[in-house]
Amino acid sequence: MQPLGRGVATTQRSQLRELVGSSTTWRFDLDGVYPWAQYQLQVLFPLPVPRLRIAPRMSPPISPFPRHGHAMAINQTSSSGDILLFGGLAVEKMQNDLYVISVQDHSATLLDTTGDLPDPRTGHACVLMSDVFVVWGGDSDSPATREELSHEVCVLDLLSRAWTRFLVGGSCPAARCGHTLTALGSKLYMYGGSDQKDAFNDMWTFDIGSLRTAPSWEAIKASDGSPCPSKRANHSSVLLDAKIILSSASL
């Protein structure tokens, strides 16, 4: 994926970890003597959608922070240093905006998008797979469907900046929030979460390639005799050597 922001990072992702909160970012340099550093985010002019004849905005947007309930993703195979942030609760309402945060120049840039935009939401999860950004789940409180929890697969083509929403039929995970998504190859893996009444401990996989034919979810069952993690929501997950590692949760 080509860098989306103004800066081009030269530091490998294995050496840096970026945390976003308030109006600042905290960066942890694994090779540094004093690894933690705090930077003030610079809010830049929005990036217009390519090939659309829309006049660029003449003033930068208000700072996207503070906010909570948002989701962030980074392409682990890219050295651009760009982090994508979507949605969350800011200015006392749910958002469906998309920002790119550069760890090189510590800037935040609003990305204008087109197409069938996802509903504003919190408690969702997202993954970045090459030039495709995927959002699933969350508390959307959609006025169109009158449903509080979303189960659409929302896909953004980062080249055209066009959103497409897919309502997948057949066997599929229940709508939820507080879950995690982990990408491996062309597949994303969803685990846990809550329907705001009960927590889940199920795992499902979705192949992004199936969007070209017949999109479908597949439930992943634990092997016979294998222990299964307890029900949880608001946990974290990481991918390490083709293994998904879960950490903590509200049970």
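Me: Ala, Val, Leu, Ile, Met, Phe, Trp, Tyr, Cys and Pro count as nonpolar, Asp, Glu, Lys and Arg as charged, and the others, Gly among them, as polar. How does the lining of the second largest pocket split by class?

Reply: It has 12 nonpolar, two polar and two charged residues. This is a predicted model, where local features need pLDDT of at least 70, side-chain atom pairs count only at pLDDT 80 or more, and totals for chains, interfaces and linings use all residues. Residues are numbered from 1 along each chain as its sequence is written, and side-chain values use heavy atoms, without hydrogens and water.

Me: Which residues lie nearest the centre of that pocket?

Reply: Tyr191, Met203, Ile220, Ala222 and Pro229, out of 16 lining residues. (Pocket: on a 1 Å grid over the protein atoms alone, an open set of points where a 1.4 Å probe fits, with protein on both sides within 12 Å along at least five of seven lines; lining residues have an atom within 4 Å of a point.)

Me: Which strands supply at least two residues each?

Reply: β15 (187-191), β16 (203-207), β17 (217-220) and β19 (243-247). Strands are DSSP runs of E, at least two residues, numbered from the N terminus.

Me: New topic. What is the order in the sheet with β4?

Reply: β4-β8-β7-β6-β5, an open sheet with mixed pairing. Strands pair if DSSP finds at least two bridges between them. β4 (42-47) and β5 (71-73) are the edge strands.

Me: How do β7 and β8 run?

Reply: Antiparallel, joined by four bridges. Val100 stands opposite Thr109 in β8.

Me: And what is the order in the sheet with β9?

Reply: β9-β13-β12-β11-β10, also open and mixed. β9 (114-115) and β10 (125-129) each have a single partner strand, so one side of each lacks a neighbour in the sheet.

Me: Parallel or antiparallel for β9 and β13?

Reply: Parallel, with two bridges. Thr114 stands opposite Ala162 in β13.
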